Amino acid sequence: MKHMKNILTRIINNEVLTREETRDVLVGITQSEYPAEQITALLTALQMRGITVDELLGFRDGILQTGVPVHLTADRYIDVVGTGGDRKNTFNISTTACFVIAGAGYKVAKHGNFAATSVSGASNVIKNHGVMFTDDVSRLQRSMDECGIVYLHAQLFAKAMKFVAPIRRSLPFPTCFNLLGPLVNPSQPQCQMLGVATLDQMRLYNSVYQRLGIDYAIVTSVDGYDEISLTGPFKVQTRQMERVFQPADLGFSPAKPEELVGGATEQEAKEIFDSVLENRALPAQKNIVMANAAFAIHVLERGQKPIEECIDIARQAIDSGNALRTFKKFVELNS
């Protein structure tokens, strides 16, 4: 077995792997070079020791190298995603925000999957509108050209994930693969807005994004939501700033946790998603989507537009019906 015993010994001795070594391990996993027991030991050892920036980047490199690439022709586009796992069962805030951003005239390549810990993930709510997932780049490019947004269903692109899926399911704790979802968008966008549930994750991803050289915002709510929840203070970190905001700083009233819940069924989650785009949602639901969309627009604008103006742009996308029109066009092109 290619060096795995040596690698496990090093991790147990608190040594760190290089980016190249970790990438090679991932490629080896996809070539079935290691028995499940060794992969289990690796994921457990890394979880106990804590993964480094280089190791996370190495796994990312390996997933992109062994996956299906997507080369999109668009000058500047963003992905808006949460790490998930905050167990708050919120409605599809990031996904809704993506259609608001596209409705405002920006480009979006949303990467997502079926729900892990909530009722409805991005892929659930998209599929429940009749959308067919595809890895056909010409169809994806057409969607980007004609409505400014593409949806990339993770399972079609990250081929490596299926090799570790049974092991991840059998373990009672999250592994480093839970951290990789936001980093392996196959179109490799130049901009990203990421929601995380803890300050530790914020520090880790900040270092990763600095190394990748992309423009980004990382957001976390102080009460543990992996997005801007408006239920209390939240922290934002970008290339240009690091700041704690209160909802009132953006002109919003605090939201109540029950106003963010995504419902008990996929159908209820779909109804909330539709209500925001159709501008008939609860004020708190609309405000939360606008807040998340605004910080993504702030990233797309390289931090040059004040956040208040970005909120106005997001509000206008909903109020004018452009966000809804964009979504309807997206469904028409992708069904």
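Here are some numbered notes on a few spots in this structure, which is a predicted model.

1. Let's start with a pair of helices. Two packed helices are described by the angle between their axes and the distance between the axes. For helix H11 (residues 283-300) and helix H12 (residues 307-319), the axes come within 8 Å and cross at roughly 125°. Angles over 145 degrees would count as roughly antiparallel and 65 to 115 as roughly perpendicular, so H11 and H12 are oblique to each other. The crossing of H11 over H12 is right-handed.

2. Who touches whom there? On the H11 side, the contact is made by Lys 286, Met 290, Ala 293, Ala 294, Phe 295, Ile 297 and His 298. On the H12 side, look for Ile 307, Cys 310, Ile 311, Ile 313, Ala 314, Arg 315, Ile 318 and Asp 319. Sorted by class, the H11 and H12 contact has 11 nonpolar, 1 polar and 3 charged residues.

3. Asp 319, in helix H12, is worth a click of its own. With a relative accessible area of 40%, Asp 319 is partly exposed. Setting aside neighbours within four places in sequence, Asp 319 is in contact with Asn 279 and Lys 286. Leu 277 is 42 residues away from Asp 319 along the chain, and the C-alpha atoms of the two are separated by 8.9 Å.

4. Asn 279 is found in the loop between helix H10 (266-277) and H11, and is partly exposed at a relative accessible area of 35%. Asn 89 also has a positive phi, of about 50°, and is not a glycine either. You'll find Asn 89 in the loop between E1 and helix H5 (93-103).

5. Now for another helix pair. Helix H2 (residues 19-30) and helix H4 (residues 53-66) pack at an angle of about 40°, and their axes are 7 Å apart. Angles under 35 degrees count as roughly parallel, so H2 and H4 come out as oblique to each other. H2 passes H4 in a right-handed crossing.

6. From H2, the residues that meet H4 are Arg 19, Thr 22, Arg 23, Leu 26, Val 27 and Thr 30. H4 brings a list that includes Asp 54, Glu 55, Leu 57, Phe 59, Asp 61, Ile 63 and Gln 65. What is the split by class in the contact of H2 with H4? There are 5 nonpolar, 6 polar and 6 charged residues.

7. Side chains of opposite charge can pair when their charged atoms come close. The structure holds 21 salt bridges, and one of them joins Arg 19 to Asp 61, at 2.6 Å from N to O. This pair links distant parts of the chain, with Arg 19 in helix H2 and Asp 61 in helix H4, 42 residues apart. Is Asp 61 buried or exposed? Asp 61 is buried, because a relative accessible area of 19% falls under the 20% cut-off. Arg 19, at 23% relative accessibility, counts as partly exposed.

8. Arg 23 is partly exposed, with a relative accessible area of 27%. Asp 24 is also partly exposed, with a value of 38%.

9. Elsewhere, Arg 76 forms a salt bridge with Asp 215, with 2.6 Å between the closest N and O atoms. Arg 76 sits in the loop between H4 and strand E1 (77-82), while Asp 215 is in strand E5 (residues 215-221), so this pair, 139 residues apart, links distant parts of the chain. Arg 76 counts as buried at 15% relative accessibility, and Asp 215 counts as buried at 17%. Salt bridges that share partners also join Arg 142, Glu 146, Lys 329 and Glu 332 into one network.

10. Last stop: Val 244, in strand E7 (residues 242-245). At 47% relative accessibility, Val 244 counts as partly exposed. Leaving aside neighbours within four places in sequence, Val 244 is in contact with Pro 233, Phe 234, Lys 235 and Asp 249. Ala 217 is 27 residues from Val 244 along the chain, and their C-alpha atoms are separated by 13 Å.

Methods. Residues are numbered from 1 along each chain as its sequence is written. This is a predicted model: local features need pLDDT of at least 70, side-chain atom pairs count only at pLDDT 80 or more; totals for chains, interfaces and linings use all residues. Side-chain values use heavy atoms; hydrogens and water are left out. Axes are lines fitted to C-alpha atoms, for helices over the stretch in contact, and angles run from 0 to 180 degrees between N-to-C directions. Helices (H or I, at least four residues) and strands (E, at least two) are DSSP runs, numbered from the N terminus. A crossing is left-handed if the near helix is turned anticlockwise from the far one by less than a right angle, and right-handed if clockwise. Contact means heavy atoms within 4.5 Å. Ala, Val, Leu, Ile, Met, Phe, Trp, Tyr, Cys and Pro count as nonpolar, Asp, Glu, Lys and Arg as charged, and the others, Gly among them, as polar. Buried means under 20% relative accessible area, exposed over 50%, partly exposed in between (1.4 Å probe, protein chains only). A salt bridge is a side-chain nitrogen of Lys or Arg within 4 Å of a carboxyl oxygen of Asp or Glu.
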